[in-house]
Amino acid sequence: MAKGTHKRAAHGRGAGRGRTPEPAAAPVDGGLAELVPDRDHPRAFTLLLDGKPQSHVDLDDPARLGFEYQRRFGHIADLAAPPGRPLHAVHLGGGAFTLARYIAATRPRSTQQVIEIDAPLVQFVRRELPLDPGDRIRVRSTDARAGLARIPDGWADLIIADVFGGGRTPAHLTSVEFLGEVRRVLRPDGSYAANVADGPPLAHLRAQIATTRAVFPEVCLTADPAVLRGRRFGNAVLLAADRALPLAELTRRAASDPHPARVEHGRPLQDFTGGAVPVTDATAAPSPAPPPEVFD
């Protein structure tokens with residue numbers, strides 16, 4: 001579908017369950033946004049930006065997470081508090097609101113804030129895949145760091161950062177100063193999780209680990225072993241907190257995923273980080289752009 005066109009899909013509010021949903025597209029700040037139906041699940045969709053997959057959501061089963069990095073975020077949300085307990089969650093980066101929908105489904109009565117800078121994208125997703133008004137999800141169209149600055153001290157149980165523009169995390173969301181703001185917003189027993197994309201030689205990932213360790217006493221990393229060995233570009237999920245992390249259960253869940261991952265913590269994580277130094281606002285740079293073959 002050409003940029004600038006828009007075909008109204010039959011999968012929003014009031015869509016017939018027996019009808020085959022149609023794709024939808026619209027120009028947004030980040031390029032051409034498309035929602036492509038899942039062949040195997042009648043009300044599931046993949047969000048694409050300029051043809052590149054960004055997120056996947058199933059309206060009939062929001063607890064089903066299709067992308068491997070989203071499953072890792074799901075494990076973290078599951079372990080953020082006792083099962084079923086409502087959370088105060090902040091999502092930096094909106095996409096199709098997949099993780100916000102997941103938490104609303106698995107932890108009813110949670111209060112969530114989504115901060116997404118691309119206002120046309122927010123409008124497109126809300127129009128085509130409406131949020132349930134009872135899910136208590138508030139969406140703000142603003143920069144992630146600016147939006148975080150408006151949240152009161154100690155408000156959040158969980159902050160999830162999944163922010164990419166043109167396939168890269170903006171520089172100002174990679175620094176010690178940014179993580180200081182994250183820590184301010186978290187409750188003392190809260191958790192921070194971030195999606196970090198990198199490939200060989202993994203300099204950005206190592207620097208992000210060093211940066212996170214400079215702010216939080218407890219840090220672990222979940223990633224595909226091939227990514228950790230520098231064999232391919234991919235996503236790694238950092239988890240940080242001021243309290244002990246649920247390492248045993250996180251390791252078990254990551255290992256049992258359809259795409260098994262490894263959890264690194266303590267000395268092995270320190271060794272992996274090597275001599276990387278923390279990133280500051282003065283030295284920050286965007287994450288590396290993914291190579292074209294990542295999206296093949």
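A nonpolar core is a set of buried Ala, Val, Leu, Ile, Met, Phe, Trp, Tyr and Cys residues joined through side-chain atoms within 4.5 Å. Buried means under 20% relative accessible area (1.4 Å probe, protein chains only). This is a predicted model, in which local features need pLDDT of at least 70, side-chain atom pairs count only at pLDDT 80 or more, and totals for chains, interfaces and linings use all residues. Residues are numbered from 1 along each chain as its sequence is written, and side-chain values use heavy atoms, without hydrogens and water.

Start inside. The largest nonpolar core has 34 residues. Among those with the most contacts inside it are Val90, Val182 and Leu221. A second, separate core holds 24 residues, including Ala77 and Leu158.

Now find helix α5, residues 176-185. Helices are DSSP runs of H or I, at least four residues; strands are runs of E, at least two; both are numbered from the N terminus. The buried residues of α5 are Phe178, Leu179, Glu181, Val182 and Val185. They sit on the same side of α5, because they cover an arc of only 150° around the axis. That arc is taken from the directions from the helix axis to the C-beta atoms. These buried residues pack against β5, α4, β8, β9 and α6, where contact means heavy atoms within 4.5 Å.

Leu221 touches Leu205, Phe272 and Arg262, among others, not counting residues up to four places away in sequence.

Key
Buried means under 20% relative accessible area, exposed over 50%, partly exposed in between (1.4 Å probe, protein chains only).
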